[in-house]
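We will go from stop to stop, with something to select at each one.

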Amino acid sequence: MKLLLISLQSNANLTGLKYIAANALASGHDSLILLLPGYLEKDMSPAIEDFIRDYNPDLIGISLMSIEFYPAKNFTRLIREKFKTPIIWGGIHVIIQPEECLKYADYVCYGEGERTVVSLLDHLRDKGRDVLPEIPNIWVKPVRNDVSNGVNDKVRILKRPEAPPEMDLDSLPPQEYLPDYYYVYHKDKIYNFAKNPHLFHKYALYSGTCHMLITTRGCSLYCGYCANSFLMNVYGKKVRARSVKNVMEELKEVRKDPHVIYINIEDDCFFIHSREWMRKFRDEYKKHIDLPFIVRVIPTTLDREKLFILKEAGLSWVIMGIQSGSDRVNFDIYNRKIHFSSVMAAAELLSKAKVAPSYEMIVDNPYETEETEMETVNAMAKLNRPYVISLAHLTFFPGTPLAERATKDNIVDPEAYLSTYPCNIDKTYLNKLLFMTPYIPRFIIKYLNRPAASRRPIHSLLTNCLSFIVKRTIEPAMYFFVTTRSLGYSIKLTSRTVFGNWRSALIKWLSNYLDKGDYEYHQRLLKARKTMPELFDK
Ligand code: B12
């Protein structure tokens with residue numbers, strides 16, 4: 001059977017779909033992945049239509065995060081206009097809104113897709129489409145959707161029981177860096193990525209110089225804003241881990257591509273691995289991979305010994321979620337039971353290990369007060385330097401405890417999360433100041449960090465000027481400095497990173513320069529609201 005997997009994400013980093021495709025292939029089916037970066041057009045391009053017709057899939061799978069809901073709804077309509085192929089939707093948005101998604105797809109996958117999709121392909125092959133599948137994780141509607149006649153949302157939904165999450169992650173074929181079954185729609189044509197690596201480098205994050213992987217699934221925290229707090233209800237609380245051997249199998253293949261100069265481990269909490277795992281990882285990684293790498297850490301799990309083991313293996317960047325400098329906000333609003341004192345201790349360790357620290361903060365939270373925002377600026381100014389900071393706009397994803405609270409309190413537009421890009425943050429005085437905390441002298445921060453009532457025009461002027469300069473010059477310079485420092489000031493490693501990454505560095509600098517967040521996505525959405533208003537109807 002032939003499976004066509006589609007992503008409408010704007011970049012080419014697709015972990016989940018690569019896993020699904022690899023597993024379908026290993027189970028004797030055929031599979032292709034097609035990336036349609038941000039496709040939100042009224043009509044289907046002839047190149048895409050020809051591609052689907054030539055491949056003639058038995059099943060089309062669409063993967064979506066919430067931000068891709070409108071593009072997925074639109075593209076499903078376009079498929080229905082031309083083809084009769086059954087469509088399954090999967091991904092995080094489907095897990096949080098299965099019933100809504102089933103208005104558009106024939107099937108939705110309520111959970112992990114690797115084995116589920118194979119069971120569905122087997123079912124379609126053996127019993128045909130008219131027999132309703134009874135497959136764990138697959139929700140289905142007895143009557144076929146017909147988008148041209150309106151959606152059949154009145155029809156009873158058959159919810160099949162959930163499949164247990166994959167406990168043995170090692171049993172899944174590892175994802176590849178650039179599989180030969182991966183295609184992209186670019187300038188009205190479809191290209192095979194492996195045959196056109198320059199295109200993969202164009203669409204992949206960090207120009208494809210970074211291979212992204214996950215070594216665990218799940219998280220040890222239950223933060224009120226995070227999808228993990230919802231996923232725990234589906235997958236359970238246990239964090240599932242891959243073995244070092246299995247991770248190395250993936251990385252050894254990736255290492256063969258000279259374009260890859262960094263490894264980016266995307267786990268929510270990499271430090272959940274035992275010290276023994278870390279030691280084994282260090283030995284194997286140094287021997288076979290020996291590239292700088294990035295991990296994410298929860299402040300309370302940052303163990304000194306593990307950190308130094310990883311440092312010996314080549315750890316370069318550590319991304320740590322702090323979210324707020326106010327314990328009140330972290331505890332009472334985010335349900336994140338981490339005192340700022342633990343953050344300070346973790347930051348001190350990172351500073352001793354001379355890794356490059358990047359701290360993630362959540363802003364634009366309607367529950368915050370000016371006082372808690374100022375507290376955050378104060379707290380962040382106390383952390384060991386150097387570090388860089390990234391701010392994300394608080395998005396209320398349905399299903400999360402915080403979204404439920406905000407809906408009850410009536411302070412959030414329940415549809416906003418479908419078009420909110422976290423990098424588009426509000427340009428408020430205190431957000432600008434927070435962004436500058438790692439880069440400007442502390443006495444200036446102290447001088448500027450004051451409530452609106454006591455601010456004078458000079459404060460706003462100074463903050464605006466400094467923020468302009470910091471974004472365009474000091475922040476990029478700091479990135480360069482912390483990277484170089486984390487690489488032990490090695491000229492070889494630094495020049496490889498700088499030259500290898502020049503394109504993504506330039507793009508980041510330009511987007512900082514223009515200060516527009518994800519401008520392109522917003523423009524596309526605005527245009528679609530005019531040309532296809534029906535797409536946005538409930
Ligand atoms: C790695 C990661 C990324 C990577 C790669 C994403 C990818 N598509 O692979 C990158 C860096 C690109 C990324 C970007 C963003 N991310 Co992100 N990301 C993650 C993270 C940490 C892990 C995802 C992952 O690899 N999981 C492991 C794989 C195996 O699982 P999976 O992707 O869920 O896929 C499985 C199932 O969902 C299902 N499935 C998936 N697709 C399909 C399709 C079909 C047909 C079927 C049947 C099944 C199926 O089967 C898969 C295999 O088991 C999650 C957190 C989390 N815990 O999920 C956040 C998360 C998914 N990201 C999130 C967000 C908000 C974003 C951004 C919008 C914002 C940002 N942080 O910048 C951007 C948007 C990207 C875009 N659209 O352009 C949110 C999404 C919430 C939501 N409701 O949409 C999450 C959940 C984190 C959170 N804040 O709660 N992200």
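Before the first selection, one term: a salt bridge here is a side-chain nitrogen of Lys or Arg within 4 Å of a carboxyl oxygen of Asp or Glu. What you have loaded is a predicted model, in which local features need pLDDT of at least 70 and side-chain atom pairs count only at pLDDT 80 or more, while totals for chains, interfaces and linings use all residues. Residues are numbered from 1 along each chain as its sequence is written, and side-chain values use heavy atoms, with hydrogens and water left out.

**Stop 1: a salt-bridge network**

Select Glu112, Glu114, Arg217 and Arg240, and show their side chains. These four residues are linked in a network of salt bridges. Now keep Glu112 and Arg217 highlighted: their side chains meet in a salt bridge with an N to O distance of 2.8 Å. Glu112 sits in the loop between strand E5 (107-109) and helix H6 (114-126), and Arg217 in strand E11 (residues 216-217), so this pair ties together parts that are 105 residues apart in sequence. The element names refer to DSSP runs numbered from the N terminus: helices are H or I with at least four residues, strands are E with at least two.

Buried means under 20% relative accessible area, exposed over 50%, and partly exposed in between, with a 1.4 Å probe and protein chains only.

**Stop 2: two more bridges**

Next, select Arg242 and Glu250. Their side chains form a salt bridge at 2.8 Å, N to O. Arg242 is buried with a relative accessible area of 2%, and Glu250 is buried at 2% as well.

Then move to helix H2 (residues 46-55), where Glu49 and Arg53 lie four residues apart, about one turn of the helix. Their side chains meet in a salt bridge of 2.7 Å, N to O. Colour this pair by accessibility: Glu49 is buried at 15%, whereas Arg53 is partly exposed at 43%. In total, the structure holds 26 salt bridges.

**Stop 3: backbone features**

Switch to a backbone view for this stop. Most residues other than glycine have a negative phi, and most peptide bonds are trans.

Select Arg385 and Pro386, which are joined by a cis peptide bond with omega about 0°. Pro386 lies in the loop between helix H14 (370-381) and strand E17 (388-393).

Look for Ser207 in the loop between helix H7 (197-203) and strand E10 (210-213), where Ser207 is buried with a relative accessible area of 7%.

Asn410 also has a positive phi, near 60°. You will find Asn410 in the loop between helix H15 (401-408) and helix H16 (429-436). Asn410 is exposed, at 66% relative accessible area.

**Stop 4: around Thr300**

Select Thr300, in the loop between strand E14 (293-297) and helix H11 (304-313). Thr300 is partly exposed, with a relative accessible area of 47%. What does Thr300 touch, leaving aside its neighbours within four places in sequence? Thr300 is in contact with Ile338 and Ser342, where contact means heavy atoms within 4.5 Å.

**Last stop: zoom out**

Now display the whole chain as a cartoon. The secondary structure comes to 21 helices and 17 strands. Along its principal axes, the C-alpha trace spans about 70 × 55 × 45 Å. For 538 residues a compact globule would have a radius of gyration near 24 Å, and the chain agrees with its 24 Å; this radius is taken over C-alpha atoms, and the globule rule is 2.2 Å times the number of residues to the power 0.38.

Of the 538 residues, 56% count as buried. Among contacts with a separation of 6 or more, 75% come from residues 24 or more positions apart.
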